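Trainee: Please take me through how to read the domains, the core and the chain interface here.

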Amino acid sequence: MKKIIALATALLLLCTGCSTKTAPSSSQGAQKQKIGVIQLLEHPSLDEVRAAILEELKVQGYDESKVEIQYQSAQNDGTLANSINQKFVGDQVDVIIAIGTSVAQSAAASTGEIPIVFAAVTDPEQAGLLTCLDQPEGNITGTSDAIPVEKIFALADELTPGIQRYGFLYNPGEDNSVVTVEAAKAYLDGKGIDYVEATATNVGEVTQAAQSLTGKEIDAIFVPIDNTVAGAMPNVAQIAIEAELPCYVAADSLVNDGGLATVGVNYTQLGKQTGQMVAKVLAGTPISEIPVEILRENQVVVNPETARALGIDVSQYTEN
Amino acid sequence: MTAVAFLGALDLGLIYSLVALGLLVSYRVLNIADMTSDGSFTLGAAVCGILTAGGHPLLGILAGSVAGMLAGVVTGLLQTKLRVQPILAGIITMVGLYSVNLMVMGGRSNITLLRTETLYTLSEGALPLEAGRLLLLCAIAFVVCLGLYSFFQTRLGLCIRATGDNREMVCASGVNPEGAVLVGLALANGLIALSGALLAQYQQFCEITIGTGMVVLGLASLIIGEVLVGGEGLASRLLGAVAGSVLYRILMAAALAADIPAYNLKLVSALLVAAAISIPALREQAAVYQLRKAGGRHADRSESV
């Protein structure tokens with residue numbers, strides 16, 4: 001008896017919409033194009049990218065009347081990311097927008113035909129998404145938020161000259177952070193500046209890691225675009241201020257949460273560029289003609305309150 | 001839900017069923033609360049990822065499983081030789097494995113396997129990729145179940161089962177339960193690592209967070225299966241583990257197919273799982289209700305006589 005019920009449940013679930021959708025049925029004449037948006041996790045920077053992409057699509061003429069947008073968050077769960085991408089492939093969306101490295105990889109594994117536009121992937125080549133950034137050879141293209149570390153350190157030299165030792169705070173389990181920290185270390189080695197690091201594998205460990213850094217005789221803290229540290233940035237900022245250490249970060253949202261300054265990736269700009277690429281895909285441009293874009297327009301963003309607390313003059317960078 | 005989503009759910013369900021089977025060995029057969037799963041899953045995936053990226057997909061799968069077995073042995077040694085509490089021993093190994101996994105992956109947290117030869121591309125023959133993959137995974141799950149069933153009929157297997165049921169009795173019979181614990185944990189974590197290896201090749205990348213939540217996932221699948229398939233025998237339990245895992249993924253895919261806001265997804269899937277598991281309890285209550293109603297009618301009839 002219970003086996004019959006189990007079977008019936010399974011069949012019921014099958015019947016709730018199991019269909020091989022060949023073409024979207026539409027009562028109107030024009031068929032809406034479908035977009036599947038998958039985001040790695042809820043996070044200020046990534047949310048900012050998504051909002052900017054959707055805004056830019058509207059600006060380009062792709063509003064609710066022309067496109068149907070499905071948004072799913074993988075909630076940092078790899079098992080969910082695979083299921084979400086399979087759903088998009090099954091629904092035969094016209095383009096998949098993947099915000100975050102691992103969800104982009106999962107999307108690439110799920111389909112070789114449906115165009116994928118990634119956003120906020122620090123190193124697309126390292127992630128295996130494509131080998132030729134200028135002429136994407138497959139179905140994947142997108143925007144990269146590679147961080148100009150040399151500009152950040154130059155800014156640090158300008159605002160707080162004489163830093164002899166940096167303290168890196170990041171999660172070694174995040175590829176975007178590892179890539180940025182490696183670039184930073186290479187740059188600092190070239191300049192003969194010393195560095196130490198403290199790592200945290202989840203949000204709960206960040207506070208302790210930051211505190212341990214303050215005891216290591218550093219002159220400044222550096223935080224890359226790290227999702228884990230971002231979750232506890234207000235704490236980190238507090239600890240930095242109390243230890244009288246400037247905290248240089250790599251993203252705008254981290255400055256908003258209390259970091260001192262960055263020459264950052266403006267995620268709204270990144271989202272806008274991504275939106276433009278998606279619009280090109282929807283209009284029918286082949287992926288090979290849409291090269292990967294690395295955000296080159298970096299702007300200096302400072303936090304005047306943090307600056308005041310540390311006694312640093314940032315007047316030339318604060319707006320009016 | 002679409003056919004692609006359904007087939008995908010079947011694929012993932014079969015891959016994760018190995019986690020459920022591994023946890024069946026440790027939680028049910030050995031009666032040990034083993035928390036190593038999160039770490040051993042990732043270890044299997046990491047070892048397999050490195051070898052597959054280097055061009056050895058089959059060796060990767062094998063090496064991944066063996067690595068998982070070693071992780072199980074470490075947990076076992078902590079429990080038996082150092083007398084660490086089982087749960088803590090598992091947690092210690094899991095925590096330590098995080099660093100080991102990063103080391104295995106060469107300091108990176110993400111290895112890509114896109115455009116490399118994997119078990120699935122190798123098995124691509126006359127059948128299209130999706131069908132071939134599903135058949136391969138079905139075959140793997142079947143072989144593992146068969147292997148486990150046969151193993152637990154052997155002398156060593158019976159020792160392990162006895163250790164899980166009544167350790168004092170096993171000692172009194174002159175058998176060393178410590179060996180059984182080591183073998184059992186090695187087997188369990190080897191299966192979990194095999195699952196990790198298969199997943200890494202399936203999704204074509206391996207990330208350090210790939211194993212997070214495996215204990216929860218495995219236990220949920222195990223219990224869903226036990227409730228729905230029922231039966232006390234080993235065969236029913238093995239079947240239940242696989243069925244539970246597949247059903248869990250189908251439920252997740254169904255939750256996704258319903259157009260609900262993104263942040264509600266986990267709540268909806270939790271409710272679906274709760275509904276699926278509570279079917280026996282609801283059935284029992286329905287039966288009791290029917291009995292009462294019948295009893296009431298009977299009483300009315302006898303009164304009116």
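Mentor: Start with the domains, whose bounds come from an automatic or database domain assignment. For chain A this gives domain 1 (33-145 + 268-289) and domain 2 (149-264 + 299-310). The model is predicted: local features need pLDDT of at least 70 and side-chain atom pairs pLDDT 80 or more, while totals for chains, interfaces and linings use all residues. Residues are numbered from 1 along each chain as written, with chains lettered from A and ligands numbered from 1 in written order.

Trainee: How far apart do the C-alpha centres of the two domains of chain A lie?

Mentor: They lie 29 Å apart. Contact (C-beta atoms, placed from the backbone, within 7 Å) takes ten residues from domain 1 of chain A and nine from domain 2 of chain A.

Trainee: Which residues have the most contacts inside the largest nonpolar core?

Mentor: In soluble globular proteins, nonpolar side chains tend to be buried together. A nonpolar core is a set of buried Ala, Val, Leu, Ile, Met, Phe, Trp, Tyr and Cys residues joined through C-beta atoms within 7 Å; buried means 20 or more other C-beta atoms within 10 Å of the residue's own. The largest core here has 194 residues, and Ile97(A), Leu169(A), Val223(A) and Val236(A) have the most contacts inside it. Both domain 1 and domain 2 of chain A give this core at least three residues. Beyond four places in sequence, the contacts of Val223(A) include Leu169(A), Val236(A) and Cys247(A).

Trainee: How many residues of chain B are in contact with chain A?

Mentor: 40 residues of chain B are in contact with 42 residues of chain A.

Conventions. A residue is buried if 20 or more other C-beta atoms lie within 10 Å of its own, exposed if 12 or fewer, and partly exposed in between; C-beta atoms are placed from the backbone. Two residues are in contact if their C-beta atoms, placed from the backbone, lie within 7 Å.
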